[in-house]
Amino acid sequence: MEPFDITDKQSFQKMEILETLRLVIDPELEINIVDMGLIYSVTLKGEGKIISIEMTLSSPNCPMGASIVGAVQNCLEHYFPHYKTEVQLVCEPAWSSDLITDEGKRLLER
Amino acid sequence: MSTLIKQPPSLYNLVISHYLVSALAFVALAVMVLFSSDTLQGHYFHPKLLAITHTAALGWGTLVIFGACYQLLPVILETELFSYKLGWTSFALFVVGLVLLVCAFWVFDPGLCMQAGSLFLLSGISLFSLNTFITARKVKRQNIYQEFIITACIWLIATAVLGVMMVFNFQHPFLQQDHLQFLKLHAHMGIGGWFLMLIIGVSAKLVPMFLVSTQQKSSYLHYSYYLLNAALILFLLDTYFNGINFKTYFIAALAFASVVFWLAYIFYCFKSRMRKTVDVPIWHTLLSFFLLATAMVIIPFIIYYQLAGNPLSIQSTQLYGTMIFMGWISSLILGQSFKTLPFIAWVKHYQHLTGKTATPMPADLYNKNWLKWQFVFFCVFLICIYSGLLFRSPILIQTGLICFSLTALVYIANLLLIIFHKPDSKYGTL
């Protein structure tokens, strides 16, 4: 994820979106997808009316892939009803365990 | 940009059907051994033992692996399954063949029923393999998991072809060698070529995924693959021409080295795991690996007793067979069923709700306490059956088999809980 930029007026909104995405849980590992490191970027497009998410999966063709992507879409549509959402699934760079946040590591060690 | 594979509606029914029939075969297996426990101490070429072994290997082991493969092949090979219709046809042929073959073995009628059963099974296996081969052909990047799975299917077909030949040989003898000689080849193609090859390939991909492992010694998998195939080919050629002899020790050592490399791979995955909690399905899986390693330790004793003409070779072969089918394979399925089936059921019931509202997780679809009891019953079964077989104690064997039946009952009850799961009305319906 790109670092928080205080000079970018959309940064607070992006952070809010990212925090909301913590509600989406990986069904197998039972930790949220943000701390799993699955979200690569959050962008506001179309004069700030389109939320665009770039994300990946822990494994290409993950059996839960459609559920996780669907959950991201559901979550954004539910909590940001006045925005359009775009979810772009990418496989490069491939996900690795290095992307798991410290909080994610703590949750996995429970 | 990545392509996303959605769970097709037909996949759910196909996978569930395989798991359900397999669980019924497990219960049937438990009942069969419970009421014929004396056969466990007799010769392995006993008709009832043939029926029991084929119920375990085909009904319980192979059928659940077929079901799991339909669910997992897209994950492992990173492409969509070629055909669901082919999966259903394979399933129908396989189940009909299994019932005919097992019944024919039980009463030992080597006539039309046994012959038709073996041909139905071969057809079902061939269609499953064809589906796998075509699916694998679509894969852009070759990987070692794919090699394991394809090779396992080739060994499975070879096992089935030899099985059909042996069945026809009962009524129309045409095989040059002793029937028991072919039984050894048939059994080891099935155990080493099909079960072990497939389990290594699938577990090598899934175990690090489940444990979130940071270290994977993939080179070990290559060593394991070549050693196992070399051991199997040498065993087939050498045993066919010379029977069991001193060279068999060397061949067993190759197979053992293959398993050691695979277990070392698993060990590093386990050691470098980020997910520290080990749940009951993973305990079952680890126990299964231990049972396989223990079973392989028995092999040199079987060879030694056989070369010495010692009747203990029969007893040690029984111990080995029990450890393989009722130990290693059963423990693995008893664990991994709860790592695969709840997910497919969860996707069906909750996929549309995720992100909108808090939903149960896949692991909430089965009863965790029942799973703990299943593990306890299974451990007691292992302790009783192996000490019973070693010390020739019918009471211990019978106690073990009662625990095995209880394991089967708890397993099928939990499976039914997943299959017939109804989401709370507050979630609405699809």
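In the largest nonpolar core, which comprises 167 residues, the members that touch the most other members are Leu21(A), Val72(A), Leu29(B), Leu121(B), Ala152(B), Met197(B) and Leu198(B). The model is a predicted one, and the values reported here are computed from it.

In chain A, three strands form an open sheet in the order S1-S2-S3, with mixed pairing. Strand S1 (39–45) and strand S3 (84–89) of chain A stand at the edges with a single partner strand each, so that one side of each has no neighbour in the sheet. On average, and with direction ignored, neighbouring strands of this sheet are turned by 15° against each other. The pairing of S1(A) with strand S2 (residues 50–55) of chain A is antiparallel and extends over six bridges, and within it Val42(A) has Ile53(A) of S2(A) as its bridge partner. Helix H1 (residues 11–21) of chain A packs on the sheet, where it touches S1 and S2 of chain A, and its direction makes about 135° with that of S1(A). Helix H2 (residues 65–79) of chain A also packs on the sheet, but its contacts are with S2 and S3 of chain A, and its direction makes about 160° with that of S3(A).

The contact between the two chains takes 31 residues from chain A and 26 residues from chain B. On the side of chain A that touches chain B, the elements giving two or more residues are H2, S3 and helix H3 (102–108) of chain A; of these, H2(A) gives the most, with ten residues. By class, this side of chain A has 18 nonpolar, nine polar and four charged residues.

Within chain B, the axes of helix H2 (residues 47–77) and helix H3 (residues 84–106) come within 8 Å and cross at roughly 170°. Because of this crossing angle, H2(B) is roughly antiparallel to H3(B). The residues that meet include Leu50(B), His54(B), Leu58(B) and Tyr70(B) in H2(B), and Phe94(B), Leu98(B), Phe105(B) and Trp106(B) in H3(B). By class, the contact of H2(B) with H3(B) has twelve nonpolar, four polar and one charged residues.

Ile324(B) is found in helix H10 (residues 312–350) of chain B and counts as buried because 25 C-beta neighbours lie inside 10 Å. Apart from neighbours within four places in sequence, Ile324(B) is in contact with Ile191(B), Ala295(B) and Ile329(B). Ile324(B) and Ile191(B) are 133 residues apart in sequence, yet their C-alpha atoms are 8.0 Å apart in space.

In chain A, a cis peptide bond with omega of about -5° joins Glu92(A) and Pro93(A), and Pro93(A) is placed in the loop between S3 and H3 of chain A. In chain B, Val212(B) has a positive phi of about 50° although it is not a glycine; Val212(B) is found in the loop between helix H6 (179–211) and helix H7 (218–242) of chain B and is buried, with 22 other C-beta atoms within 10 Å. Arg392(B), likewise a residue other than glycine, has a positive phi near 50° and lies in the loop between helix H11 (368–391) and helix H12 (394–419) of chain B. Arg392(B), however, counts as exposed, with 10 C-beta neighbours inside 10 Å.

Methods
Residues are numbered from 1 along each chain as its sequence is written. Chains are lettered from A and ligands numbered from 1 in the order in which they are written. This is a predicted model: local features need pLDDT of at least 70, side-chain atom pairs count only at pLDDT 80 or more; totals for chains, interfaces and linings use all residues. Axes are lines fitted to C-alpha atoms, for helices over the stretch in contact, and angles run from 0 to 180 degrees between N-to-C directions. Helices (H or I, at least four residues) and strands (E, at least two) are DSSP runs, numbered from the N terminus. Angles under 35 degrees count as roughly parallel, over 145 as roughly antiparallel, 65 to 115 as roughly perpendicular and the rest as oblique. Two residues are in contact if their C-beta atoms, placed from the backbone, lie within 7 Å. Ala, Val, Leu, Ile, Met, Phe, Trp, Tyr, Cys and Pro count as nonpolar, Asp, Glu, Lys and Arg as charged, and the others, Gly among them, as polar. Two strands pair if DSSP finds at least two bridges between them. A residue is buried if 20 or more other C-beta atoms lie within 10 Å of its own, exposed if 12 or fewer, and partly exposed in between; C-beta atoms are placed from the backbone. A nonpolar core is a set of buried Ala, Val, Leu, Ile, Met, Phe, Trp, Tyr and Cys residues joined through C-beta atoms within 7 Å.
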